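Please open the model in your viewer and keep the sequence at hand.

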Amino acid sequence: GYESIIILSMASKKQIQLVLLLIHIIAMTRARVYVMLPNNITEVFDSQIASFGPSIEPELTGKLAYPWPNNGCNAVTKAPDDRSFWFAIVDRGDCNFDLKVLNCQEANYRAVIVANSKDSIESMGAGNVARSVIISSVMVSRSAGLYLKEKVAGNSSDLVILTQEPISFSWDAYLIPFCAIVGLCILLTVTF
């Protein structure tokens, strides 16, 4: 009776804390890629920050290059110069994300944008060399990647800005499933 209620209230607090922590982590892993073109034209693309390496704080600004090999799985061509802040854009596939980013880091790039092979944005997980990565990286959709590679990469007048932004989402979409899970936990705790 009374002991079950105490255990239930402790479990519920921990469950609530875990759900809130997960929502916070999910909300802080999105970023935006801004491209500042001549004539004050700005293009904006959504992106997903990698689960390894540093976050983007508060923003990174640089120029974009498309190094060879384009997949970033082996040593890539060096950043065009050491005086400017260069980002590399590489294609998804053929090796782990952290290896792509590490190869670009070793070629003096300051951040990496991975172009997905699909028109979606996915999480980039850590692999064997993730602890060596000290630069930020994000993933963009296939269409955003094509635009960045064709229109922006190598153009010294275009600036790329990476910013980390919390996602705004509807609490209603999360409140109903959360209440259902808490209700199920209460039912299981009271039953057993």
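Select L187 first, which is found in helix 4 (residues 171-191); helices (H or I, at least four residues) and strands (E, at least two) are DSSP runs, numbered from the N terminus. L187 is exposed, with a relative accessible area of 52%; buried means under 20% relative accessible area, exposed over 50%, and partly exposed in between (1.4 Å probe, protein chains only).

The model is predicted: local features need pLDDT of at least 70, side-chain atom pairs count only at pLDDT 80 or more, and totals for chains, interfaces and linings use all residues. Residues are numbered from 1 along each chain as its sequence is written, and side-chain values use heavy atoms, with hydrogens and water left out.

Next, select D98 in helix 2 (residues 97-106). D98 is buried yet has no salt bridge, a salt bridge being a side-chain nitrogen of Lys or Arg within 4 Å of a carboxyl oxygen of Asp or Glu. The nearest side chain of opposite charge, K100, is 9.5 Å away (Lys and Arg count as positive and Asp and Glu as negative; His and the chain ends are not counted). Which backbone nitrogen lies 2.9 Å from a polar atom of the D98 side chain? That nitrogen belongs to A130.

Now display K149 and D91, whose salt bridge has its closest N and O atoms 2.5 Å apart. K149 lies in helix 3 (residues 142-152) and D91 in strand 4 (residues 86-91), so the pair ties together parts that are 58 residues apart in sequence. K149 is buried, with a relative accessible area of 19%, and D91 counts as buried at 19%.

Finally, select E122, whose side chain meets that of R92 in a salt bridge (2.8 Å, N to O). E122 also forms a salt bridge with K118 (2.9 Å, N to O).

Methods: Polar contact = N/O pair within 3.5 Å; in protein donor to acceptor, adjacent residues only side chain to side chain.
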